[in-house]
Amino acid sequence: MSQLKRHFDGKGGVPLNFARFLTLVLCVAAGWIASTHVTVASERQPVVHQVKIEKFRFVPADLTIRQGDSVEWINLDIAPHTATEDNKVWDTGRLNKDQITSVTFSTPGAQSYFCRYHPSMRGQIIVQAQ
Amino acid sequence: MKTKTFLAVAVLAGAITALPSSAQDKMNDLEIAHTAYTAGNIDIRYAHLALAISENAEVRAFAQTMIRDHEAVNEQAVALITRLKVTPQDNGLSQTLVEGAAAKRAELMSLSGKRFDCAYATNELGYHQVVNQTVEKNFIPSVTVPPLKDLLVDALATFKIHEGHAESMVQNLQCRS
């Protein structure tokens, strides 16, 4: 009986070898879960960038983003503005004071834009491949 | 044409400085609000005239911008006076501006083609120069209510862009040659 007891924890519960085995299994499982989460975290999530329209300027005027990211423009001026790609590939439309509109960029490359109402206002979005 | 530009500025400047300096010094916030709103409306009416007469793409685009921007500024002004529960006060300067604008519109309506375009563009340049100077040097320092001061500062930024735009338009139309 005393021989048999050495295999237990002394409290009449789980055998010690089995407890070590269980701990090992749990550690492996935890490691697997952690590695899975690390893998997910390393996949870059799309980012939303902001460009302020302030005193008839796009701020920042030049912005570099990654493919799949979005840019939102917020107009802080009284005068309405737009952010319009040079060839009108995309256009925020009219933005009144404090209005926000976003555009998602899925194609890499440099895209210049301007305000249709005040063409001297210019900006550029550089979209880098993922 | 330089002389014409100078005359246009002088006439507008005359309208604004026609009042005794003491009268200008004593303009209160409500009078300043009224005059600023009136000045915006005058430019909107000039712009509608330009859209009715001009066939020049640049002049028409400028006129549309004047309507869009000045309406936006005036909407903010209306929102502010509604929030403050006050009523702008008509005054001598507002009346002088309105009278001067009526005379200028009559003059513009008698023109067509490039003569109209140049007269409109030159008037826009002179008008914005004088209004901007008045807003910057007289109105903003005099106003006592912070939200009205902020509105005038923001509006001035818009009007200064208009002034630069008008200057380019005058140059592009080769009005001074």
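A:Asp69 and A:Arg44 form a salt bridge, their closest N and O atoms 2.9 Å apart; a salt bridge here is a side-chain nitrogen of Lys or Arg within 4 Å of a carboxyl oxygen of Asp or Glu. The pair joins distant parts of chain A, 25 residues apart: A:Asp69 sits in the loop between β3 (62-66) and β4 (70-75), A:Arg44 in the loop between α2 (16-42) and β1 (48-54). Helices (H or I, at least four residues) and strands (E, at least two) are DSSP runs, numbered from the N terminus. A:Asp69 is buried at 0% relative accessible area, whereas A:Arg44 is partly exposed at 32%. Buried means under 20% relative accessible area, exposed over 50%, and partly exposed in between (1.4 Å probe, protein chains only).

The model is predicted: local features need pLDDT of at least 70 and side-chain atom pairs pLDDT 80 or more, while totals for chains, interfaces and linings use all residues. Residues are numbered from 1 along each chain as its sequence is written, chains are lettered from A and ligands numbered from 1 in the order written, and side-chain values use heavy atoms, without hydrogens and water.

A:Arg122 forms a salt bridge with A:Asp86, with 2.8 Å between the closest N and O atoms. A:Arg122 lies in strand β8 (residues 122-128) and A:Asp86 in the loop between β5 (84-85) and β6 (100-104), 36 residues apart. A:Arg122 is partly exposed at 42% relative accessibility, and A:Asp86 is partly exposed at 33%.

In chain B, B:Lys104 and B:Glu107 both lie in helix α5 (residues 92-109), three residues apart.
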